[in-house]
Amino acid sequence: MYKSEIISEIKKAGLVAVIRAGDVTEAIRLTEACIAGGVTAAERAFTVPVAHKGIEELAKRDSGGEILIGAGTVLDSETARIAMLSGAQYIVSPCVKVDVIKICNRYQAPCFPGVGTITEAVTAMEAGAEILKLFPGELIGINGMKAFKGPLPQAQFMPTGGVSIDNAADWIKAGAVAVGAAGSLLKGDITANAKEFLKRIKEARGE
(Lines give C-alpha, C1' and ligand atoms only; values in the text may rest on other atoms or scores of the structure.)
Protein backbone atom coordinates (compact mmCIF):
# COMPACT_ATOMS: atom_id res chain seq x y z
CA MET A 1 0.00 0.00 0.00
CA TYR A 2 1.30 3.44 -0.93
CA LYS A 3 2.09 6.13 1.66
CA SER A 4 -0.82 8.29 0.54
CA GLU A 5 -3.22 5.35 0.81
CA ILE A 6 -2.11 4.54 4.36
CA ILE A 7 -2.58 8.15 5.45
CA SER A 8 -5.98 8.24 3.76
CA GLU A 9 -7.11 5.06 5.53
CA ILE A 10 -6.01 6.32 8.94
CA LYS A 11 -7.80 9.62 8.45
CA LYS A 12 -10.90 7.82 7.16
CA ALA A 13 -11.22 5.68 10.30
CA GLY A 14 -10.02 8.40 12.64
CA LEU A 15 -8.67 6.04 15.31
CA VAL A 16 -5.25 4.48 15.94
CA ALA A 17 -4.92 1.90 18.73
CA VAL A 18 -1.70 2.18 20.75
CA ILE A 19 -0.62 -1.32 21.84
CA ARG A 20 1.89 -1.43 24.71
CA ALA A 21 1.60 -5.10 25.69
CA GLY A 22 4.69 -6.66 27.25
CA ASP A 23 4.69 -9.80 25.12
CA VAL A 24 3.71 -10.87 21.62
CA THR A 25 0.79 -13.08 22.72
CA GLU A 26 -0.83 -10.23 24.64
CA ALA A 27 -0.21 -7.79 21.79
CA ILE A 28 -1.95 -10.13 19.37
CA ARG A 29 -4.90 -10.59 21.74
CA LEU A 30 -5.36 -6.85 22.14
CA THR A 31 -4.98 -6.19 18.41
CA GLU A 32 -7.49 -8.88 17.46
CA ALA A 33 -10.00 -7.45 19.95
CA CYS A 34 -9.51 -4.04 18.34
CA ILE A 35 -10.02 -5.49 14.87
CA ALA A 36 -13.26 -7.11 16.01
CA GLY A 37 -14.44 -3.65 17.04
CA GLY A 38 -13.65 -2.13 13.65
CA VAL A 39 -10.21 -0.63 14.32
CA THR A 40 -8.15 -0.49 11.13
CA ALA A 41 -4.82 0.87 12.47
CA ALA A 42 -2.73 -0.16 15.47
CA GLU A 43 0.80 0.74 16.53
CA ARG A 44 3.12 -1.55 18.50
CA ALA A 45 5.12 0.61 20.90
CA PHE A 46 8.89 0.19 21.09
CA THR A 47 8.80 0.66 24.86
CA VAL A 48 8.79 -3.12 25.27
CA PRO A 49 11.61 -5.64 24.54
CA VAL A 50 11.90 -7.02 21.00
CA ALA A 51 8.93 -4.97 19.83
CA HIS A 52 9.95 -5.69 16.24
CA LYS A 53 9.20 -9.37 16.83
CA GLY A 54 5.65 -8.45 17.75
CA ILE A 55 5.33 -6.42 14.56
CA GLU A 56 6.64 -9.36 12.54
CA GLU A 57 4.12 -11.72 14.10
CA LEU A 58 1.22 -9.30 13.64
CA ALA A 59 2.21 -8.80 10.00
CA LYS A 60 2.27 -12.58 9.42
CA ARG A 61 -1.15 -13.06 10.99
CA ASP A 62 -2.72 -10.15 9.12
CA SER A 63 -2.56 -11.80 5.71
CA GLY A 64 -5.98 -10.42 4.85
CA GLY A 65 -4.94 -6.83 5.42
CA GLU A 66 -7.50 -6.23 8.17
CA ILE A 67 -5.36 -3.68 9.97
CA LEU A 68 -2.54 -1.22 9.28
CA ILE A 69 0.37 -2.12 11.54
CA GLY A 70 2.57 0.68 12.80
CA ALA A 71 5.53 1.12 15.13
CA GLY A 72 5.23 3.56 18.02
CA THR A 73 7.67 5.32 20.36
CA VAL A 74 10.31 5.32 17.63
CA LEU A 75 13.17 7.57 18.76
CA ASP A 76 15.78 7.18 16.01
CA SER A 77 16.19 6.29 12.34
CA GLU A 78 17.77 2.91 13.12
CA THR A 79 14.67 1.79 15.02
CA ALA A 80 12.45 3.19 12.27
CA ARG A 81 14.21 1.09 9.64
CA ILE A 82 14.12 -2.05 11.80
CA ALA A 83 10.39 -1.50 12.29
CA MET A 84 9.78 -1.09 8.56
CA LEU A 85 11.79 -4.23 7.73
CA SER A 86 9.73 -6.08 10.35
CA GLY A 87 6.49 -5.11 8.63
CA ALA A 88 5.52 -1.72 10.09
CA GLN A 89 3.57 0.33 7.55
CA TYR A 90 3.88 3.63 9.39
CA ILE A 91 6.06 5.14 12.12
CA VAL A 92 4.97 7.12 15.17
CA SER A 93 7.31 9.06 17.46
CA PRO A 94 6.76 11.05 20.68
CA CYS A 95 9.10 13.77 19.42
CA VAL A 96 10.41 15.45 16.29
CA LYS A 97 13.48 13.69 14.91
CA VAL A 98 14.21 14.92 11.41
CA ASP A 99 16.34 11.86 10.61
CA VAL A 100 13.36 9.62 11.40
CA ILE A 101 11.08 11.64 9.11
CA LYS A 102 13.71 11.55 6.36
CA ILE A 103 14.20 7.78 6.45
CA CYS A 104 10.44 7.29 6.40
CA ASN A 105 10.18 9.55 3.35
CA ARG A 106 13.04 7.63 1.71
CA TYR A 107 11.05 4.40 1.96
CA GLN A 108 7.65 6.06 1.50
CA ALA A 109 6.33 5.18 4.95
CA PRO A 110 4.12 7.72 6.74
CA CYS A 111 5.73 9.27 9.80
CA PHE A 112 3.69 10.86 12.59
CA PRO A 113 6.12 12.78 14.85
CA GLY A 114 5.08 14.04 18.27
CA VAL A 115 4.81 17.81 18.58
CA GLY A 116 4.07 20.03 21.55
CA THR A 117 4.96 23.48 20.22
CA ILE A 118 4.40 25.56 17.09
CA THR A 119 8.13 25.39 16.34
CA GLU A 120 8.12 21.58 16.49
CA ALA A 121 5.03 21.44 14.28
CA VAL A 122 6.61 23.67 11.62
CA THR A 123 9.91 21.75 11.77
CA ALA A 124 8.08 18.44 11.30
CA MET A 125 6.00 19.73 8.38
CA GLU A 126 9.05 21.24 6.68
CA ALA A 127 10.77 17.85 6.98
CA GLY A 128 7.83 16.20 5.22
CA ALA A 129 5.50 14.93 7.97
CA GLU A 130 1.84 15.10 6.95
CA ILE A 131 0.08 14.14 10.19
CA LEU A 132 1.42 15.45 13.49
CA LYS A 133 0.95 13.51 16.71
CA LEU A 134 -0.13 16.15 19.24
CA PHE A 135 1.54 14.87 22.39
CA PRO A 136 0.86 14.68 25.23
CA GLY A 137 -2.76 15.44 24.43
CA GLU A 138 -3.91 15.71 28.03
CA LEU A 139 -1.41 18.51 28.71
CA ILE A 140 -1.92 20.50 25.51
CA GLY A 141 -5.68 20.03 25.56
CA ILE A 142 -8.36 20.70 22.98
CA ASN A 143 -8.08 24.47 23.39
CA GLY A 144 -4.34 24.14 22.88
CA MET A 145 -4.85 22.36 19.58
CA LYS A 146 -7.31 25.05 18.50
CA ALA A 147 -4.64 27.63 19.30
CA PHE A 148 -2.14 25.70 17.16
CA LYS A 149 -4.63 25.69 14.29
CA GLY A 150 -4.75 29.51 14.39
CA PRO A 151 -1.34 30.13 12.80
CA LEU A 152 -1.22 26.64 11.27
CA PRO A 153 -4.65 25.95 9.74
CA GLN A 154 -2.97 23.58 7.28
CA ALA A 155 -1.60 21.33 10.03
CA GLN A 156 -3.19 17.91 10.49
CA PHE A 157 -3.17 16.79 14.11
CA MET A 158 -3.65 13.38 15.73
CA PRO A 159 -3.83 13.95 19.50
CA THR A 160 -2.57 11.07 21.64
CA GLY A 161 -2.49 10.82 25.42
CA GLY A 162 -5.59 11.48 27.45
CA VAL A 163 -7.92 10.66 24.55
CA SER A 164 -10.99 8.79 25.76
CA ILE A 165 -14.40 7.68 24.56
CA ASP A 166 -15.86 10.71 26.32
CA ASN A 167 -13.67 13.31 24.61
CA ALA A 168 -12.82 11.72 21.24
CA ALA A 169 -15.69 13.54 19.53
CA ASP A 170 -14.56 16.86 21.01
CA TRP A 171 -11.08 16.39 19.55
CA ILE A 172 -12.53 15.62 16.13
CA LYS A 173 -14.90 18.58 16.24
CA ALA A 174 -11.95 20.80 17.17
CA GLY A 175 -10.15 19.78 13.98
CA ALA A 176 -8.19 16.59 14.69
CA VAL A 177 -7.98 14.28 11.66
CA ALA A 178 -7.64 11.23 13.92
CA VAL A 179 -6.96 10.30 17.53
CA GLY A 180 -4.59 7.82 19.15
CA ALA A 181 -5.94 5.81 22.09
CA ALA A 182 -4.30 3.43 24.55
CA GLY A 183 -5.59 2.88 28.09
CA SER A 184 -9.13 4.11 27.53
CA LEU A 185 -9.47 1.78 24.55
CA LEU A 186 -7.71 -1.28 25.92
CA LYS A 187 -9.37 -1.59 29.33
CA GLY A 188 -12.44 -3.74 29.93
CA ASP A 189 -14.38 -4.82 26.83
CA ILE A 190 -11.95 -3.73 24.12
CA THR A 191 -14.19 -4.63 21.20
CA ALA A 192 -17.11 -2.67 22.65
CA ASN A 193 -14.79 0.25 23.42
CA ALA A 194 -13.52 0.28 19.84
CA LYS A 195 -17.04 0.29 18.42
CA GLU A 196 -18.05 3.18 20.68
CA PHE A 197 -14.92 5.16 19.81
CA LEU A 198 -15.59 4.79 16.08
CA LYS A 199 -19.28 5.58 16.51
CA ARG A 200 -18.56 8.84 18.28
CA ILE A 201 -15.91 9.83 15.76
CA LYS A 202 -18.36 9.30 12.91
CA GLU A 203 -21.07 11.24 14.71
CA ALA A 204 -18.66 14.11 15.33
CA ARG A 205 -17.97 14.20 11.59
CA GLY A 206 -21.66 14.12 10.78
CA GLU A 207 -21.39 10.78 9.01
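Tutor: The largest cavity has a volume of about 50 Å³. The model is predicted: local features need pLDDT of at least 70, side-chain atom pairs count only at pLDDT 80 or more, and totals for chains, interfaces and linings use all residues. Residues are numbered from 1 along each chain as its sequence is written, and side-chain values use heavy atoms, without hydrogens or water.

Student: What counts as a cavity?

Tutor: On a 1 Å grid over the protein atoms alone, it is a set of points where a 1.4 Å probe fits but cannot get out. Lining residues have an atom within 4 Å of a point. Points join across faces, edges and corners, and the volume is the space filled by probe spheres set on them.

Student: Which strands supply at least two residues each to the lining of the largest cavity?

Tutor: β2 (41-45) and β3 (68-72). Strands (E) are DSSP runs of at least two residues, helices (H or I) of at least four, numbered from the N terminus.

Student: And what volume has the second largest cavity?

Tutor: About 40 Å³. Its lining includes Lys3, Phe112 and Glu130.

Student: New topic. What is the strand order in the open sheet?

Tutor: β6-β7-β8, with parallel pairing. Two strands pair if DSSP finds at least two bridges between them.

Student: Why is one side of β6 and of β8 left without a neighbour?

Tutor: β6 (114-115) and β8 (156-157) are at the edges with a single partner strand each, so one side of each has no neighbour in the sheet.

Student: Which helix packs on the sheet?

Tutor: α7 (residues 137-149), touching β6, β7 and β8. Contact means heavy atoms within 4.5 Å.

Note on methods
On a 1 Å grid over the protein atoms alone, a cavity is a set of points where a 1.4 Å probe fits but cannot get out, and a pocket is an open set with protein on both sides within 12 Å along at least five of seven lines; lining residues have an atom within 4 Å of a point. Axes are lines fitted to C-alpha atoms, for helices over the stretch in contact, and angles run from 0 to 180 degrees between N-to-C directions.
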